[in-house]
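I set out to record what I looked up in this structure, entry by entry.

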Amino acid sequence: MNTHTLCRCGSGLEYTQCCGPFHSGEKQSATAVALMRSRYTAYALHNASYLLDTWDATVRPELIDFSKEKVDWQRLEIVNTKKGGAQDAKGMVEFKAYYLQDGEEYVMNEISQFIKRAGAWFYLDGRVKSIGKVGLQTNLGKNAPCSCGSGKKFKRCCGA
């Protein structure tokens, strides 16, 4: 990224003063929100190594493949947080991630869980609440089919 480019996380800061130092390993996220912002920016920039490095080892996938990614991530909006501060051991961040696909704006609303291990924050898992065109999102609450593919409702499967 250009050194004067605004960071994709929506902080209003330049990338080099915001998420860039996290991505380079120069700094470590002090809060779950800071990790969420830096992971969103890493995802938008297809920085798979940072995403894997900040994913909790107990649930981390082997790889992230961006080859089929056909969306342009636009902005991040933090909706809500619970715990996740510098003194906490776990935290939750609800966010909306806006993106363009085929010239239309979409939004994904997700609740992500974070855990702190040995003083470092890691992404644990997330649950998509809704997704779709802006203003026409499909609610994926507890009565929606579970994203794990079990065929059960979310509330009777991974949401239990």
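The entries below follow the order in which I consulted the structure.

**Entry 1: confidence.** I noted at the outset that this is a predicted model. The protein chain has an average pLDDT of 87, and 82% of its residues reach at least 70. I then compared the elements: helix H1 (residues 20-23) has the highest mean pLDDT, 98, whereas strand S5 (residues 138-139) has the lowest, 58.

**Entry 2: the largest pocket.** I looked up its volume, which is about 510 Å³. Its lining consists of 18 residues. Nearest the centre of the pocket I found Tyr43, Trp73, Phe95, Met108 and Glu110. By class, I recorded 14 nonpolar residues, three charged and one polar in the lining.

**Entry 3: sources of the lining.** Which element gives the most to the lining of the largest pocket? I found that H2 does, with four residues. At least two lining residues each come from helix H2 (32-44) and from strands S2 (90-101), S3 (104-117) and S4 (120-133).

**Entry 4: helix H2.** I checked the length of H2 next. Its 13 residues, at 1.5 Å a residue, should span 18 Å, and its end C-alpha atoms are 18 Å apart, so the two values agree. I then looked up burial: the buried residues of H2 include Ala32, Leu35, Met36, Arg39 and Tyr40. The buried residues of this helix pack against H1, helix H3 (48-53), strand S1 (72-83), S2, S3 and S4.

Terms used: Residues are numbered from 1 along each chain as its sequence is written. This is a predicted model: local features need pLDDT of at least 70, side-chain atom pairs count only at pLDDT 80 or more; totals for chains, interfaces and linings use all residues. Side-chain values use heavy atoms; hydrogens and water are left out. On a 1 Å grid over the protein atoms alone, a cavity is a set of points where a 1.4 Å probe fits but cannot get out, and a pocket is an open set with protein on both sides within 12 Å along at least five of seven lines; lining residues have an atom within 4 Å of a point. Grid points are joined across faces, edges and corners, and a volume is the space filled by probe spheres set on the points. Ala, Val, Leu, Ile, Met, Phe, Trp, Tyr, Cys and Pro count as nonpolar, Asp, Glu, Lys and Arg as charged, and the others, Gly among them, as polar. pLDDT is the predictor's confidence in each residue, from 0 to 100. The expected span of a helix is 1.5 Å times one less than its number of residues. Buried means under 20% relative accessible area, exposed over 50%, partly exposed in between (1.4 Å probe, protein chains only). Contact means heavy atoms within 4.5 Å.
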